[in-house]
Structures are given as C-alpha cells and as structure tokens.
Amino acid sequence: MCVACDYTIHRKDHHLGWNRDFVPVLRAEPGSTIHFKCLDSSGGQFDAGSTAQDVTTMDFSRVNPVTGPVFVEGAEPGDVLKVSIRHFAPSGLGWTANIPGFGLLADQFTDPAIHIWKYEPSTMAPSLFGPGGKVPLKPFAGTVGVAMAEPGLHSVVPPRRVGGNLDIRDLTAGVTLYLPIEVPGALFSIGDTHAAQGDGEVCGTAIESQMDVEITLDLIKDTKLASPRFTTPGPVTHHLDAAGYEVTTGVGPDLMTGARESVMRMIDLLTAEHGLSPVDAYMLCSVCGDLRISEIVDMPNWVVTFYFPRIVFA
C-alpha cells in the first residue's frame, strides 16, 4: 500500500485504446501522487498453469489494458505532462510468449510458445529461464500516455506522439517522463507492466507481469513538445553489464533486414552454445537482449547489432 499517495485507482478502472471522450476515473490536481493497480498485457488471461494452447485461444480484444484515465486539473493543449515514476510493486509472476503472427521473426516462429516466470517480488532477484540461465529483472511500464487530439477510439497497440505502447525498458523507477498534452485534462493512463525486457522486445513480449505503479503527475505550462522524452537518474544497463556481452551483427542497406539478421545470428549462437531450442532462444532475446543501430552514416550499408548479456549464463 502506498502511504504517501493521494489516490488509488484499481484494476477494474481500465480501458482499451485511447479516446479523448473517455470519462476520467479520477480528477487530480497537479502534483498529486497516484497509486495505479495495473493488469498485465493479456488482461489477466495467463496464470502459473498456462500452456502454449492458451496462447492460441487468447482474446486479443482484451490485450494491453491501461489503468485510468486521470484528468489533470488545469492541463491544456500545448502544455507538457511531467510524469515522475516513483515505485513499482511487482506481483512475482510473469509470462513471455511467442504469439503466431507477431514479433520481428514471426515468419520463422509460427507455433505458439509460452514461458511462465516466477520471481521474488521483494528482492527482484534474477529469474530462472531453463537450466543454467537467470535473467536480471528491472520493472517498468510498457504503455504510458495521454489522449490524442483526434476524436474517436484509437488502438492501444502502436506507440504514438503522445506516448502509448512505447515499450521503452528504461521507463522505470526514478525516471521522469514528459508527454505532450493535446486535450484538456491530458487523460493520463498507464499499464502493460513488465519485469524485464530487452531493447527491441524482439519476439513481441517481455516478462509480462501484473504490478502496481506509483506516479506523480505535474504540469509544465505553455511548453512545446513534439513527442515523449525522458530523463534517467543514472546508468540504465547496470543490471546487465557485469559479465559483458555476446554481440552479433546485421550489415546491409536496410535497417529492418539488419535487425532481423542480427537477432537470427544470436538465436543460432544461443542454441549452439547453451542447448536452447530456437523458440526459447528467441523469447530469451526478447526479455534481455538489446538491438542497437551501431552505424547509419557509411552508405550504402548500415550496421545493426544485437547485445546479449553474458550474466544470464554466468
């Protein structure tokens, strides 16, 4: 329980998509700290006993619920919403799935798969993935944003200029996020909480995990902002860096092709060196490996790299 919070919003108060006409579940003054109880990205469809068969029957109309929205008093178009992320209270249970038709290598991984994670929520100690592998955890919210100026219902799946499904793994405790406001009251919502994710979230899912989040919302008046930006309080990869990295590359004139090739080569490496099945290696890459654009100026070819932290198998 958040003893310093001004309000609590419960999991039942969630919505799917963004709409400037949604009725807010709370009206809050700038500077308020709010305790959001968030669902996981499946909307609670998976549990400790879920199997690959459950992936095939997932109801996509329930995917990516966000808790809210909050009407911030005095917020107007042209202002900026300052979102201070205070704390995460994880549940201790999560999942990663290969969902047919979804992910960077969807054409290669066509069968459903799921891995259920159990972790210690008080310590957030690395969580076991198969024999010998342990993934360092770092909780964050994948979906965080405000309503768009355009009327009507807009899907919660893609990221947008006002936030949304950003899936930026560094939006964790201590970070300050700034969002452009396009409608009166901003209509802020948050959800899609993760226990860990690699940059790129290559299979389409991270360690999806129900959590509570504490957020302080404030206003910066009359300030132009074209898209989200954020400030971190310190290093962002300290949980992964200690044992170094294995790195694969994709080189060529197309960044998407380069991204796919660098991930495929890492999957090949993990299967050869650690005995993982290809789909397990793919899901593991999604929760702790990082895609990077390492070079984009020496035409006609660019370099995409994939960094896998050696600490997982240390």
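Visitor: Hi! What should I know about the model before we start?
Guide: It is a predicted model, where local features need pLDDT of at least 70, side-chain atom pairs count only at pLDDT 80 or more, and totals for chains, interfaces and linings use all residues. Residues are numbered from 1 along each chain as its sequence is written, and side-chain values use heavy atoms, with hydrogens and water left out.

Visitor: Great. What volume does the largest pocket have?
Guide: About 560 Å³. A pocket here is an open set of points on a 1 Å grid over the protein atoms alone, with protein on both sides within 12 Å along at least five of seven lines. Grid points are joined across faces, edges and corners, and the volume is the space filled by probe spheres set on the points.

Visitor: And which residues lie nearest its centre?
Guide: Asn64, Phe102, Val157, Asn165 and Gly204, out of 29 lining residues. A lining residue has an atom within 4 Å of a point.

Visitor: How does that lining divide by class?
Guide: Into 12 nonpolar, 13 polar and four charged residues. Ala, Val, Leu, Ile, Met, Phe, Trp, Tyr, Cys and Pro count as nonpolar, Asp, Glu, Lys and Arg as charged, and the others, Gly among them, as polar.

Visitor: You mentioned Asn64. Is that one buried or exposed?
Guide: Asparagine 64 is buried, with a relative accessible area of 6%. Buried means under 20% relative accessible area, exposed over 50%, and partly exposed in between, using a 1.4 Å probe and protein chains only. Asparagine 64 also has a positive phi of about 60°, although it is not a glycine.

Visitor: Where is asparagine 64 found?
Guide: In the loop between helix 1 (52-56) and strand 5. Helices (H or I, at least four residues) and strands (E, at least two) are DSSP runs, numbered from the N terminus.

Visitor: Which other non-glycine has a positive phi?
Guide: Methionine 124 has one, of about 50°. Methionine 124 sits in the loop between strand 8 (113-118) and strand 9 (127-128), and at 15% relative accessibility it counts as buried.

Visitor: Which residue joins proline 69 through a cis peptide bond?
Guide: Glycine 68, with omega about 0°. Proline 69 has its place in strand 5 (residues 66-72). Another cis peptide bond runs from methionine 299 to proline 300, with omega near 10°.

Visitor: Let's talk packing. How many residues are in the largest nonpolar core?
Guide: It has 65, and those with the most contacts inside it are Leu81 and Phe188. Helix 3 (residues 278-288) gives the most to this core, with seven residues. A nonpolar core is a set of buried Ala, Val, Leu, Ile, Met, Phe, Trp, Tyr and Cys residues joined through side-chain atoms within 4.5 Å.

Visitor: What stands opposite leucine 81?
Guide: Leucine 219, in strand 16. Strand 6 (residues 80-90) and strand 16 pair in the antiparallel sense over 10 bridges, where pairing means that DSSP finds at least two bridges between two strands. Strand 4 (residues 32-38) also pairs with strand 16 in the antiparallel sense, over seven bridges.

Visitor: Why is strand 16 largely enclosed?
Guide: Eight of the 10 residues of strand 16 (residues 211-220) are buried, so the rest of the structure largely encloses it.

Technical notes: 1 Å grid on protein atoms, 1.4 Å probe; cavity = no way out; pocket = protein on both sides within 12 Å on 5 of 7 lines; lining within 4 Å.
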